[in-house]
Protein chains: 2
Amino acid sequence: MTMYLPAHFAETNDEEIAAILADAPLAALVAVTDEGLVANHIPLLAEGADTLIGHVALANDLHRLVPDGASVLAIFRRDDAYVTPNSYPTKAAHHRHVPTWNYQAVHVHGLITFQHDEKAKRRAVGMLTAWHERHLNGETAWRMADAPANYMATMLTNIVAFRIAITRVIAKSKLSQNREPIDHQGAVENLMSRGKAGIAAAMVKRRPRKTAP
Amino acid sequence: MTMYLPAHFAETNDEEIAAILADAPLAALVAVTDEGLVANHIPLLAEGADTLIGHVALANDLHRLVPDGASVLAIFRRDDAYVTPNSYPTKAAHHRHVPTWNYQAVHVHGLITFQHDEKAKRRAVGMLTAWHERHLNGETAWRMADAPANYMATMLTNIVAFRIAITRVIAKSKLSQNREPIDHQGAVENLMSRGKAGIAAAMVKRRPRKTAP
């Protein structure tokens, strides 16, 4: 197994997986090289269900260390939080609780191919920029065309684009859904009181279906 | 290079590195196995400057796939955010800006050793729990002794502890400190207005020292 994943924490909802990638697009992109494990933090964008696209600086050795077709792992992770046993109402009754950590993570395994041609680079930058600007700024979105053409051309010479052909997606939503409903709710309220609204909201969407034995 | 790290983004302040580990202790722990890249999300605790400690579920194959002494990479990352060119006041003057992403990351490379003895497991769990409970709950901290002894003994049989002997630490604070001061401030204000207080606070601590050329 490439990530420990008990069945009750497996995230199998494609919409939720897409939402995690959209909410936390800065992936930790990991590769194995002759120099050992290499990791870089790079915003990635899904293009359809089979591809991730991104770009790195030309000065980033990644595209020199990693050959086309090599396996890489892109790790996406949304909010996380420590969960204290104190937040479980049933603690007072039986004290059979230990701390844990809640989080949501998506691991995308795939084969990377670097792209050095100007057209591919402009496309990758354009798609990433359009996606983020549309979500953040809407009608006032910054566009590549806002910058002088010679400046943008220079910027493009300083990057390398890449595509990752997805071979496997493993996703985990560890959200206390294996707890008793009253304890799940207690953990949600504790996290809300600590300002951990993101993970609390994810937990509310994944309430326990029945009372644990 | 195991992470692309321009000199102006290198994080060399030991206190800041420690703060990142303390604020974002849920590491993505990456290892290379015969099955390929393996990653798990595990809260780690620094013990002194040379060691990280943690534990995994006994059911987690990590301790079976990765031999003692193997190289692993623990990736810690604090807040991150997309930075829009619209947030730079000088954009209106010359439009020579492109989007970027800000974040802080610490990569700890080291050699892992698993510990199956009850004493080591109790120590690892105790240290991690004490650290998190002290920070979160203070005088009302949950303690292992709060749980029934036989329950805790069973829980300990279900985990494996580990230590990582640190061989290398690489840290990056990508906080727009290479921007002109007025643009850095504009980005801080934009991020604050978007509720990105964490990354904005990190940026305020790392203001540009002089006007960029």
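This is a predicted model: local features need pLDDT of at least 70, side-chain atom pairs count only at pLDDT 80 or more; totals for chains, interfaces and linings use all residues.
Student: What makes the two copies related as by a two-fold rotation axis?

Tutor: A rotation of 180° superposes chain B on chain A, with 0.0 Å of shift along the axis and an RMSD of 0.0 Å. The two copies are thus related as by a two-fold rotation axis.

Student: Which residue of chain B comes closest to that axis?

Tutor: B:V32, with its C-alpha at 3.8 Å.

Student: How do you know that the same surface serves both copies?

Tutor: Look at the contact residues of chain B: 100% of them recur in chain A.

Student: How many residues are in contact?

Tutor: Contact requires C-beta atoms within 7 Å. By that test, 52 residues of chain B are in contact with 52 residues of chain A. β2(B) supplies the largest share of the side of chain B that touches chain A, seven residues. That side divides into 30 nonpolar, 15 polar and seven charged residues.

Student: Now chain A. Why are β2 and β3 called edge strands?

Tutor: The open sheet has the order β2-β1-β5-β6-β7-β4-β3. β2 (36-43) and β3 (45-47) of chain A each pair on one side only, so they are the edge strands.

Student: What makes β1 and β5 of chain A a pair?

Tutor: Pairing needs at least two bridges. Four bridges join β1 (residues 26-33) to β5 (residues 71-83) of chain A, so the two strands pair. They run antiparallel. In β5(A), A:I75 is the bridge partner of A:A28.

Note on methods. Residues are numbered from 1 along each chain as its sequence is written. Chains are lettered from A and ligands numbered from 1 in the order in which they are written. Copies are superposed by least squares on the C-alpha atoms of residues with pLDDT of at least 70 in both. Two residues are in contact if their C-beta atoms, placed from the backbone, lie within 7 Å. Ala, Val, Leu, Ile, Met, Phe, Trp, Tyr, Cys and Pro count as nonpolar, Asp, Glu, Lys and Arg as charged, and the others, Gly among them, as polar.
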